Amino acid sequence: MSSAPTAAPLLETHNLSFRFGVRPILHELNLRVEPGSIYGFLGPNGAGKSTTMRLLLGLLRPASGTVRLFGHDLARHRVALLGRVGALIENPSLYDHLTGRENVEATRRLRGVPAHRTAEVLALVGLAADAHRPAREYSLGMRQRLGLALALLPDPDLLLLDEPTNGLDPTGIIEMRALLRSLGHEHGKTIIVSSHLISEIEKTVTHVGVIQRGRLVFQGSLPDLQRLQTGRAELVLETENADTCRNLLPNLLGGATVAGSGTLRLPWLGREHAAELAAGLVSAGQPLYGLRQEQPTLEDTFLHLTEEAVEE
Amino acid sequence: MEYALPTAPNPLTQLGRTLVADTLKLRRTAALWLALGGGALPVLLNLLIFYFKGQYFVKPGTNPWPQYVGMSWQTASVLLLPMFVVLLSGLVVNLENRGGWRQLLVQPVSRGAVFGSKLLLLLGLNAVAQVLYVLLLLAAGALLGWLRSDLGFQNHSISLLPILRMLGHTYLATLGILGVQYAVALAFRGFVGPLTVGIAGIVSALTLLRWEYIDMVPYAAPTRILGMMKSEPQFSAAAALSPAEWYSLAWFALGVLAGYLLLLRRPVTD
């Protein structure tokens with residue numbers, strides 16, 4: 001189940017575009033999801049994540065471009081392909097007048113899944129004890145878990161989960177992450193999970209796609225994303241008076257920004273540059289309290305990616 | 001690495017599964033109670049009328065059944081039955097309006113199966129309600145024979161054939177409303193829209209009853225076929241379909257086609 005580059009992608013879109021009326025929403029999206037990966041689909045609210053998820057499931061028709069699931073065209077083989085897909089789109093849509101078990105049963109019968117799966121998925125998401133209660137009495141977290149149970153019902157090869165941690169409390173979020181990891185790593189499921197917070201999924205995912213204003217601004221493995229940020233490391237320098245230092249050493253500190261009265265930040269250029277800077281400061285008679293390299297967090301990288309696209 | 005294309009269940013299996021699921025979803029819904037209990041209202045009203053005022057409607061010594069059945073049928077068909085179909089179709093479709101569509105349409109069933117299943121469900125519930133109505137009507141007549149023996153229900157009978165024919169005519173006459181309202185309910189994404197259209201249709205039909213083209217108005221069809229029931233010289237009902245029924249069938253076909261296209265092309269954004 002490794003993501004060898006030769007493996008055919010389990011899900012792939014080719015120049016996928018979508019518009020509401022004349023308003024363009026997605027621009028030529030080329031997603032590639034390897035089998036066995038947990039693909040984090042990230043972007044701020046309104047970037048087009050839900051629209052993309054709906055296109056991947058055939059709920060919306062693309063303006064142009066194609067979606068291929070398991071190597072086959074979704075538009076031509078929708079019913080056959082959806083038989084191997086489980087999905088949770090936004091807040092799960094439950095029938096409030098039915099109990100939790102009846103909600104699962106309705107979908108089970110619709111899909112023709114064996115009867116024993118109902119109890120299995122209810123147990124898997126921890127709702128067995130509450131299955132007899134009407135869904136209208138469920139908390140948001142319970143509804144989310146019931147929605148996940150519905151998605152897991154057919155034991156799908158591909159799971160599409162749109163913001164599955166929405167409305168969950170911290171324990172619920174941790175449980176959801178553990179469940180996703182177990183589904184991905186132990187059961188070999190391929191999972192696409194969308195979120196607007198990288199911190200929520202960075203410990204879970206193997207691959208990341210970042211969408212901003214309907215454009216894919218990054219796609220790759222988590223190590224790829226981490227490598228991307230090494231180029232953006234910063235040198236943080238602590239001294240007595242930041243302004244004075246910058247004026248004294250215009251050549252070395254010209255590109256630095258003053259981050260505080262005694263703090264300067266500048267792009268990390270290498271060890272030699274750091275040493276040169278230290279020597280320069282000391283010879284200029286300025287105190288050097290600290291000098292360190294700072295890696296941006298994944299969150300910074302994510303924000304940077306999404307901000308860049310805004311500035312375009 | 002190539003993936004084999006999974007096999008899709010055949011269209012009939014898809015339709016069957018969707019229908020089974022849709023039937024399960026009816027549990028504890030207003031739609032189900034309406035279908036099971038809707039026929040009781042006109043029967044109850046006429047039972048009370050005959051119990052308290054029966055002597056004004058039934059000439060002593062004559063068969064009270066034709067008068068009783070005719071009055072009750074009129075109560076049911078003019079307003080209650082069209083209203084019932086409007087409510088039923090709105091309620092059945094509305095079950096999916098709180099996000100149900102997106103859950104339903106990401107399942108491995110075609111949109112045609114989803115559409116067909118709800119249509120069959122509506123046709124079935126409509127039939128159940130009308131058959132229950134007739135059974136209740138006959139039972140209430142028998143009850144009147146026991147409660148008001150002076151009216152003579154117990155001494156006379158009514159032939160079933162005209163009643164069954166009227167049941168068939170009435171069912172066909174409601175299909176036009178059902179088809180149109182199903183399409184309207186699919187077009188609107190709530191309950192109020194189809195209800196408004198339905199009430200407007202019923203009120204217009206009742207206002208236009210003397211119009212020469214009233215047979216073309218689907219909401220008037222159940223009223224228009226009342227004339228097929230004759231109590232003189234004996235209780236009877238013609239077998240042939242009336243123009244109102246043909247138009248009703250045409251409206252049904254049109255509504256079904258429009259509704260299917262609506263659902264087929266609908267972008268699921270809710």
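**Exercise 1. Determine how much area is buried between chain B and chain A, and which residues of chain B lose the most area to chain A.**

Solution. In this predicted model, the size of an interface can be approached through lost area, since it is often given as the accessible area lost when the parts come together.

Step 1. Between chain B and chain A, about 3,600 Å² is buried, and carbon and sulfur atoms give 58% of this area.

Step 2. On the side of chain B, the most area is lost to chain A by B:Tyr3, B:Arg102 and B:Val106, which together make up 20% of what that side buries.

Step 3. Counted by contact, 40 residues of chain B meet 42 residues of chain A.

Step 4. The two chains are also linked by 3 salt bridges. In a salt bridge between A:Asp96 and B:Arg98, the side chains meet at 3.9 Å, N to O; this value lies within the 4 Å cut-off.

**Exercise 2. State which spans of chain B carry the annotation "transmembrane region", and describe residues 72–95 and 119–146.**

Solution. 

Step 1. According to the unreviewed UniProt entry, the annotation covers residues 31–52, 72–95, 119–146, 166–184, 191–209 and 246–264 of chain B.

Step 2. Residues 72–95 of chain B are 96% helix and 0% strand, with end C-alpha atoms 32 Å apart.

Step 3. Residues 119–146 of chain B are 100% helix and 0% strand, and here 41 Å separate the end C-alpha atoms.

**Exercise 3. Decide whether A:Thr204 is buried or exposed, and locate it in chain A.**

Solution. 

Step 1. A:Thr204 lies in the loop between helix H7 (198–201) and strand E10 (207–212) of chain A.

Step 2. A:Thr204 has a relative accessible area of 3%. Buried means under 20%, so A:Thr204 is buried.

Step 3. Not counting residues up to four places away in sequence, A:Thr204 touches A:Ile38, A:Arg177, A:Leu180, A:Arg181 and A:His185.

Terms used: Residues are numbered from 1 along each chain as its sequence is written. Chains are lettered from A and ligands numbered from 1 in the order in which they are written. This is a predicted model: local features need pLDDT of at least 70, side-chain atom pairs count only at pLDDT 80 or more; totals for chains, interfaces and linings use all residues. Side-chain values use heavy atoms; hydrogens and water are left out. UniProt positions are given in the numbering used here, feature names are shortened, and annotations may be inferred rather than shown by experiment. Helices (H or I, at least four residues) and strands (E, at least two) are DSSP runs, numbered from the N terminus. Contact means heavy atoms within 4.5 Å. Buried area is the accessible area (1.4 Å probe) that two parts lose on being put together, summed over both. Buried means under 20% relative accessible area, exposed over 50%, partly exposed in between (1.4 Å probe, protein chains only).
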